[in-house]
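Please open the model in a viewer and keep the selection panel at hand.

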Amino acid sequence: MRSRSKPLLHGDQVAKSRPRKPRNPAQPHLPFDKMPQRVEPALALLKPKAPTGPDWAFEMKFDGYRLAIHIEPKCIRILTRGGHDWAARFPAIAEAAEKLGVGSAILDGEAVVVDEDGRSDFGALQRSLGGRGGKRISKEAVFYAFDLPYFDGHLLTNTDLSVRRHLLADLLDGANGAIHLSEELDGDGAELLEAACSMGLEGIIAIKCVQSESFVVIGYEHSAVARGGIGSLLLAARWGDSWASVGSVGTGFKEKDALYLRTTLDKLTTNKPAIPMKGKNLVFAQPTLIAEIHFRGWTDDGNLRHASFKGLREVQDNSEIFEMPS
């Protein structure tokens with residue numbers, strides 16, 4: 001959750017921004033803060049209900065890839081949470097960043113592909129990138145920016161969010177292309193959450209309708225009647241240097257997904273399961289595939305409740321695998 005500071009302006013004061021001029025990047029000796037190679041993203045915390053009161057700001061919760069756009073004097077980098085540069089895979093976003101006309105900046109946000117109703121669709125984003133292990137360039141993806149931790153030579157991580165949001169809105173004012181501002185939502189938190197859920201959206205920041213985490217696939221339950229022969233996927237979370245079972249997921253697959261999962265998992269079969277377990281028709285696989293799972297909570301015995309498969313994550317971003325508390 002992100003708390004909003006007191007407004008910068010009061011009464012009849014009006015914020016007036018001067019036209020922005022690109023700063024000359026060939027000025028290395030000015031007293032600027034060095035751009036960090038990477039800024040650790042602040043992750044939202046799940047809460048059971050929306051907060052109330054004037055000190056809270058709300059935004060839409062997007063269902064995509066968390067990214068940081070690094071605008072540097074000589075290049076544009078688009079970093080995943082795992083630290084991989086995907087600028088080449090999001091050329092439209094990189095082009096839009098270059099056109100912002102700022103000497104240096106880091107934009108924190110989410111890359112998404114939206115459906116015909118304007119909702120972010122994680123599966124569509126995955127398909128636009130060619131699926132797991134794919135090398136396809138996504139022409140459909142757009143970037144929604146919600147924070148500005150570094151701007152024009154100044155590190156802003158210790159600056160009030162309201163200040164960063166003001167600068168971000170000014171930076172993106174009039175911007176065209178694949179970068180957009182994640183707008184604040186006006187209204188009561190509980191009402192906004194109810195509206196988001198009724199529209200089939202992921203939720204709001206500061207709160208999500210459902211939990212969404214990444215788990216490793218350690219096998220599947222074979223089914224003679226299910227599409228692709230997969231009745232359910234066996235899931236595990238990190239637990240120190242080992243794995244902990246979090247149950248299984250048997251919904252959310254499309255036929256194409258199930259066929260791909262079956263083919264891929266059959267290439268990863270092993271006689272030494274990551275977690276010893278008993279059951280009929282279980283096929284164990286090496287803990288390689290990473291699945292994004294939506295769920296409603298946890299059971300008393302540590303399994304996911306009302307889990308639904310959303311798609312596969314890239315292997316190189318294995319830092320996103322959910323870790324059980326020790």
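How many helices and strands does the protein have? There are five helices and 17 strands, where helices (H or I, at least four residues) and strands (E, at least two) are DSSP runs numbered from the N terminus. The model is predicted, so local features need pLDDT of at least 70 and side-chain atom pairs count only at pLDDT 80 or more, whereas totals for chains, interfaces and linings use all residues. Residues are numbered from 1 along each chain as its sequence is written, and side-chain values use heavy atoms, with hydrogens and water left out.

**The whole chain**

Begin with the entire protein and colour it by accessibility. Of its 326 residues, 45% are buried; buried means under 20% relative accessible area, exposed over 50%, and partly exposed in between (1.4 Å probe, protein chains only). Among contacts (heavy atoms within 4.5 Å) with a separation of 6 or more, residues 24 or more positions apart account for 67%.

**Stop 1: R77**

Select R77, which is found in strand β3, residues 76-80. Is R77 buried or exposed? R77 is buried, since its relative accessible area is 15%. Display the neighbours next: not counting residues up to four places away in sequence, R77 touches P36, Q37, A68, I69, H70, E72, D85 and A87. A polar atom of the R77 side chain lies 3.1 Å from the backbone oxygen of Q37. With E72, the side chain of R77 forms a salt bridge at 2.7 Å, N to O; the term denotes a side-chain nitrogen of Lys or Arg within 4 Å of a carboxyl oxygen of Asp or Glu.

**Stop 2: further salt bridges**

By this rule the count comes to nine salt bridges. Side chains of opposite charge can pair when their charged atoms come close. Select D147 and R164, whose side chains meet in a salt bridge of 2.7 Å, N to O. D147 belongs to strand β5 and R164 to helix α3, so this pair ties together parts that are 17 residues apart in sequence. Both D147 and R164 are buried.

Then select E95 and K99, another salt bridge, in which the closest N and O atoms are 3.2 Å apart. Here E95 counts as partly exposed, at 43% relative accessibility, and K99 is exposed, with a relative accessible area of 61%.

**Stop 3: the rings around W86**

Select Y65, W86, F90 and F122, which ring pairs link into a cluster. Rings of Phe, Tyr and Trp (its six-membered ring) pair if their centres lie within 6.5 Å; planes under 30 degrees apart count as stacked, over 60 as edge-to-face and the rest as tilted. The structure holds 10 aromatic pairs. One of them joins W86 and F90 in a tilted arrangement, 6.3 Å centre to centre with 35° between the planes. W86 is buried, at a relative accessible area of 4%, and F90 is buried as well, at 0%.

R89 lies over the face of W86, at 4.6 Å from the ring centre; the criterion is NZ of Lys or CZ of Arg within 6 Å of the ring centre and within 35 degrees of the ring normal. R89 is buried, with a relative accessible area of 10%, and its side chain reaches the backbone oxygen of R136 at 3.4 Å.

**Stop 4: the nonpolar cores**

In soluble globular proteins, nonpolar side chains tend to be buried together. A nonpolar core is here a set of buried Ala, Val, Leu, Ile, Met, Phe, Trp, Tyr and Cys residues joined through side-chain atoms within 4.5 Å. Which residues touch the most other members of the largest nonpolar core? Select I69, F90, I93, L107 and I179, out of 38 residues. Elements giving two or more residues to this core include β2 (65-71), α1 (91-98) and β4 (105-112), while the largest share, five residues, comes from β5.

Centre the view on I93. Not counting residues up to four places away in sequence, I93 touches I69, I78, A111, A141, V142, F143, A178 and I179. Apart from this core lies another, of 26 residues, among them Y220, L265, F295 and L304.

**Stop 5: D266**

Finally, select D266 in helix α5, residues 255-266. D266 counts as partly exposed, at 32% relative accessibility. Its side chain makes a polar contact with the side chain of Y220 at 2.7 Å and another with the side chain of R262 at 2.8 Å. A polar contact is a pair of N or O atoms within 3.5 Å; within protein, one must be able to donate a hydrogen and the other to accept it, and residues adjacent in sequence count only if both atoms are side-chain atoms. D266 and Y220 are 46 residues apart along the chain, and their C-alpha atoms are separated by 9.6 Å.
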